[in-house]
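Hi,

Here is the structure I said I would pass on.

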Amino acid sequence: MLLEPRTHTPLWMTIIAPIAAVFVVMVLCSGLIMWAGAPVLQSYIALAKGAFGSKFAISETLVRATPLMLTGLAAAVAFRAKLWNIGGEGQLYMGALAATYFGTGMVNLPAPLMIPFLFVVGAIAGGLLLLVPALLKTKLKVDEVVTTLLLNFVILLMANYLLFGPWKDPMAMGWPQGAPIVDAGILPKLIEKTRLHGGLIFALLASVSVWLVMSKTKWGLEIRAVGLNQDAASFAGIPINKTIIRTALISGGLAACAGVTEVAGTKEYLTLDISPGFGYTGIAVAMLAGLNPLGVIIAAIFFAGIYNGADSMSRAMDVSNYIADVITAASLLMVMLAVMLTRMRIRFS
Amino acid sequence: MDFLDMFLNIGFWAATVRMATPLIFGTLGELICERAGVLNLGIEGIMTTGAMVAWMWVYQGGDLWTAVLVAAVFGMMFGFLHSIFSVYMGLSQHVTGIGITLLATSLSYYSFRMLLPGVTTPPKITPFQELPIPYLSEIPIFGEAFFSQSPLTYLAFVLVGVVSYVLYRTPVGLAVRMVGENPMAVEVQGIDVYRVRTGAVMVGSGFMAVGGAFLTISVFDAFYFDMINGRGWICVALVIFASWRPGKALLGAVLFAAFDAIQIRVQQSSASFIPYQFFLMMPYVFSIFALIVMSRKAAYPKALLVPFRRGQR
Amino acid sequence: MTDTETVLRVQGITKNFGDLVANDAISFSLKKGKVLSLLGENGAGKTTLMNIIFGHYTADGGHIEVFGKKLNASNPAEAIALGVGMVHQHFTLADNLTVLENVILGTEPLWKWVQDKAAGRARLKELSGEFGLHVDPDADIKSLTVGEKQRVEILKALYRGAKILILDEPTAVLTPQETDQLFGTLRDMLARGLSVIFISHKLGEVMAIADDIAVLRHGKLVANFPVAEASREIIAEKMVGEAVPQPRRQIMEAGEELLSVEDVSVKDENGQQILKNVSLHLHRHQIIGIAGVSGNGQKPLSDLVSGMCRPGSGQLNLSGEAITVFDPKEMVAKGIGRVPEDRHVQGVVGDFSVEENMILETYASARFSKFGWLRKKEVTDYAYSLIKAFDIRGAGPETIVRGLSGGNMQKVILSRVLENSPQIILANQPTRGLDVGAATFVHEQLFKARKEGAGIILISEDLEELLAVADSVAVMYHGQISPQMPVESVTLQQLGLLMSGEGFSVHSKGQDHAA
């Protein structure tokens with residue numbers, strides 16, 4: 001079996017690839033649905049309805065898509081520079097911790113200032129968290145994958161300590177949760193009687209901004225050059241370490257903002273389950289989007305739909321909602337394969 | 001707390017060896033993969049699968065040793081899947097590995113839920129019992145700590161020797177080491193690079209799965225979600241700590257486990273003033289420090305992370 | 001000749017890479033005990049053809065017979081089994097393993113509990129003795145010199161019982177004297193009945209060793225005849241096609257001093273001395289050629305002038321002023337234009353467009369960016385003007401560079417460098433891998449810059465190129481540099497001796513690979 005590079009990739013292939021990959025994953029996962037004894041087509045219809053079938057479903061999907069957009073952007077930016085930030089989960093909690101620390105009474109500002117303030121302190125906290133692995137990578141050549149992964153556990157334990165200890169809200173009847181975010185820091189609701197909050201607007205703006213930075217600015221040029229060919233970038237005078245550090249701050253900051261949207265938007269206080277693996281799913285979001293910041297919006301909504309749809313499918317059809325995780329993981333792998341096949345063709349000899 | 005007492009305590013050493021066992025399996029497995037030039041970040045998920053499958057096999061009435069074999073086979077299947085992406089397709093080993101971990105974990109959880117719907121408290125099985133080795137286990141302290149262990153623990157120690165021997169003394173071991181240094185050097189000698197790498201990743205993944213199985217059918221008697229809890233990532237760090245040598249991997253795993261055992265004992269004796277979460281952080285923090293300390297000396301297999309593509313210019 | 005046995009027959013071999021026809025219906029045969037030399041310019045398809053014979057690539061058409069048996073190989077195992085051995089241009093050795101391990105890999109069944117290293121060592125020593133290829137079986141590959149590594153490669157083939165040996169550009173990394181030694185070994189092999197395919201683009205060597213000649217051009221076999229019937233001129237014409245007029249070097253009076261390297265020493269990260277007391281003086285209107293076998297300090301010298309490393313001791317002066325900041329950006333700002341050694345590695349970002357590569361050094365200037373935003377229109381206009389000025393064919397500003405030919409890729413780099421009118425140009429192997437037309441274009445551009453007042457350092461392993469282009473030549477050996485010699489006063493023989501270390505003060509073995 002040989003792989004041969006294609007001389008050029010037609011546009012339709014680039015567009016079709018992720019869609020085809022997701023389709024293949026759905027077909028493969030129908031085996032799991034059959035194993036559960038549920039009818040495949042009805043199950044998928046139930047999933048689609050649960051995701052996008054009503055105004056409420058759509059609003060819930062968008063609530064879930066909000067942090068995914070941010071963790072997806074975090075992964076997309078970092079992966080562009082070949083900075084393998086797998087620590088989105090830890091950075092998310094870091095952002096949530098910072099928002100809780102500053103947003104539960106320590107600082108009191110009017111809402112138009114308080115909300116940006118929470119995003120800023122959250123982003124700084126998350127950026128600093130990723131700065132550690134980034135410095136270890138640039139100064140000591142320590143592989144960032146392992147360090148970012150390990151830091152996830154450290155941060156989660158830190159949150160665990162704070163919520164069972166000093167930050168535990170005495171009003172929460174023994175539950176390990178933080179004090180509520182002050183009113184001025186709560187992200188405004190976008191639609192009455194839904195949970196949809198201003199975090200979505202923030203995530204959309206972030207996507208567009210990241211897209212602009214990556215494609216239109218010299219920072220973006222530097223990040224892409226470092227990721228594509230570090231030797232050539234270095235030879236041309238692009239500061240490699242500075243670019244990696246800058247990328248780390250941006251990426252960690254974006255993931256942390258997901259923590260802020262959850263604490264100040266969805267939940268309104270910090271708990272230990274504000275993220276069911278948003279940090280990891282963000283990697284799948286970024287890959288499905290082809291690392292394109294605008295593609296991240298669609299990919300995040302898609303995966304959010306899968307998760308919410310799987311929840312209602314599991315209620316209706318008795319298929320475990322872990323199927324959403326399976327679909328996410330399988331999509332991540334299949335998309336990589338599909339994208340590669342747009343650049344290579346396989347030849348069997 | 002008297003440290004001397006602790007180090008003379010049989011329970012402490014026995015616990016160290018016990019806690020080292022899954023790390024030995026995992027680290028050896030990862031080491032085999034990386035020696036062949038493939039970083040296998042599927043380890044965390046593959047250990048989860050091993051843990052789930054082995055437990056389920058015994059729970060459904062299967063035999064313990066067959067369960068170990070079944071876990072290994074499942075591990076190898078995920079290893080093969082990893083190889084398709086990372087070896088044959090030459091895709092990013094970082095992202096592929098994370099993908100395999102997410103897939104193996106989610107499939108394990110899904111299967112567990114499907115096979116045992118509506119279970120709230122995890123049911124229990126009868127795990128491997130301690131198997132004292134005649135005479136050796138009667139040596140005071142040392143023998144009692146090291147030779148009254150689960151048979152899987154003995155297997156782990158034996159495998160360190162086997163892996164070491166195979167890597168350095170047999171033709172296939174030479175091929176594995178060479179393919180991790182320069183795949184082209186293997187290709188020109190008429191050996192299929194893809195097969196060597198795939199074989200190494202599959203065997204390594206089998207080891208990882210057995211490491212996971214040890215947790216559910218030897219130390220504990222039930223399967224819990226999130227029970228691997230970063231052990232796989234710690235193994236990845238340990239491989240670097242061990243400079244890709246099986247003997248040092250054993251040393252690293254035991255050191256690490258000893259550290260963990262100390263931590264648990266200190267935690268029990270001083271729970272009043274240091275929150276337990278900080279003790280739980282220690283393994284991860286320690287791993288990061290180990291990476292930092294070793295970073296200057298790290299002599300990576302030269303072709304680690306470098307995909308090989310046949311017939312291309 | 002008719003009574004000798006044909007050991008290898010190549011029939012109608014065709015191979016495409018995408019749109020590129022690398023080999024177009026090539027047929028020839030090799031006779032026992034003979035040397036067939038495969039000639040052709042870079043990119044003519046020589047290596048592709050050999051890789052097909054050895055089983056690295058699968059041909060799209062045609063077939064190969066070895067000792068009368070059809071070779072269906074899609075991997076090297078079958079070719080090896082039939083007695084074909086190959087010494088690749090880029091060594092295929094694992095640096096951290098020993099010579100013996102590199103040689104015996106694949107000679108035993110994989111699944112065996114005991115590896116018989118003793119037998120392997122004995123046979124390796126026997127072969128070493130028989131062919132005069134001495135090398136320590138237990139040395140790590142990384143401790144060997146380039147010449148020794150090549151010996152290991154030949155031993156690998158002999159160990160497998162090769163009857164047909166393919167040597168891909170074996171002399172590219174050797175001094176003329178080492179080349180003579182290699183030829184001695186090859187003659188020993190021929191006397192023992194081996195046959196050799198010898199790939200080269202150096203005519204002199206070919207005339208010295210070959211029995212038959214096959215010439216490839218643009219993937220086609222354009223000539224195949226005994227060496228006795230050929231002359232240099234005929235072969236050269238067959239290789240190049242039509243004669244390309246070589247630009248003539250004008251004699252110019254050197255101007256004031258632009259760059260002086262004063263007694264510079266550099267150590268690498270392992271503490272190895274890779275530059276030793278190097279001094280060099282470059283003047284306006286001057287081209288200095290740096291000769292030497294690859295790995296003797298050319299890379300650190302080039303890194304130094306490019307701003308990629310800093311001197312451990314000694315200093316660099318730019319028009320009399322000492323350089324204190326060693327950084328690529330700083331060097332560009334000071335008017336040093338740098339053409340890197342490897343286009344694909346350091347020269348371009350392959351997945352970037354032409355325009356992005358063209359501004360890779362200057363994107364941060366006020367011309368191309370404002371408040372951090374790239375001025376897209378400005379960039380594209382600039383790219384259009386360079387594409388026109390440097391005649392980069394088949395490419396627009398948005399074309400991805402990866403798909404361009406070597407020549408066009410080099411033009412992208414040249415345009416980026418020369419458009420800033422640098423006073424000093426460092427060109428490291430600027431014509432490597434280019435066909436004659438593209439190489440000539442590069443030389444013309446260098447001459448033009450020289451005429452406009454630049455001083456140029458040209459690093460090349462091709463002595464003929466240096467003698468044709470440079471005004472003066474210096475040779476590097478083990479991190480040292482010889483005095484600069486006017487090109488009119490040196491001969492190939494003299495350069496060859498210098499390249500093998502004659503006349504350098506310290507002879508230290510085993511360092512060249514570390515450079």
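This is a predicted model: local features need pLDDT of at least 70, side-chain atom pairs count only at pLDDT 80 or more; totals for chains, interfaces and linings use all residues.

Let's start in chain A. Helix 7 of chain A (residues 199–216) packs against helix 12 of chain A (residues 293–317), with the axes 7 Å apart and at an angle of about 150°. Anything over 145 degrees counts as roughly antiparallel, so that is what helix 7 of chain A is to helix 12 of chain A. On the helix 7 side, the contact uses Leu204(A), Ser207(A), Val210(A), Trp211(A) and Met214(A), and helix 12 of chain A brings Pro293(A), Leu294(A), Val296(A) and Ile297(A). By class, that contact has eight nonpolar residues, one polar and no charged ones.

Now over to chain B. There, the axes of helix 7 (residues 151–169) and helix 8 (residues 171–181) come within 5 Å and cross at roughly 80°, which makes these two helices of chain B roughly perpendicular. Val166(B), Leu167(B), Tyr168(B) and Arg169(B) of helix 7 meet Val172(B), Gly173(B), Val176(B) and Arg177(B) of helix 8. Sorted by class, the contact has five nonpolar, one polar and two charged residues.

Helix 8 of chain B turns up again where chain B touches chain C. In that contact, 22 residues of chain B go with 28 residues of chain C. On the chain B side, helix 8 and helix 9 (183–187) are the elements that give two or more residues, and helix 8 of chain B has the largest share, with seven residues. That side of chain B divides into 10 nonpolar, five polar and seven charged residues.

Cheers

Conventions:
Residues are numbered from 1 along each chain as its sequence is written. Chains are lettered from A and ligands numbered from 1 in the order in which they are written. Axes are lines fitted to C-alpha atoms, for helices over the stretch in contact, and angles run from 0 to 180 degrees between N-to-C directions. Helices (H or I, at least four residues) and strands (E, at least two) are DSSP runs, numbered from the N terminus. Angles under 35 degrees count as roughly parallel, over 145 as roughly antiparallel, 65 to 115 as roughly perpendicular and the rest as oblique. Two residues are in contact if their C-beta atoms, placed from the backbone, lie within 7 Å. Ala, Val, Leu, Ile, Met, Phe, Trp, Tyr, Cys and Pro count as nonpolar, Asp, Glu, Lys and Arg as charged, and the others, Gly among them, as polar.
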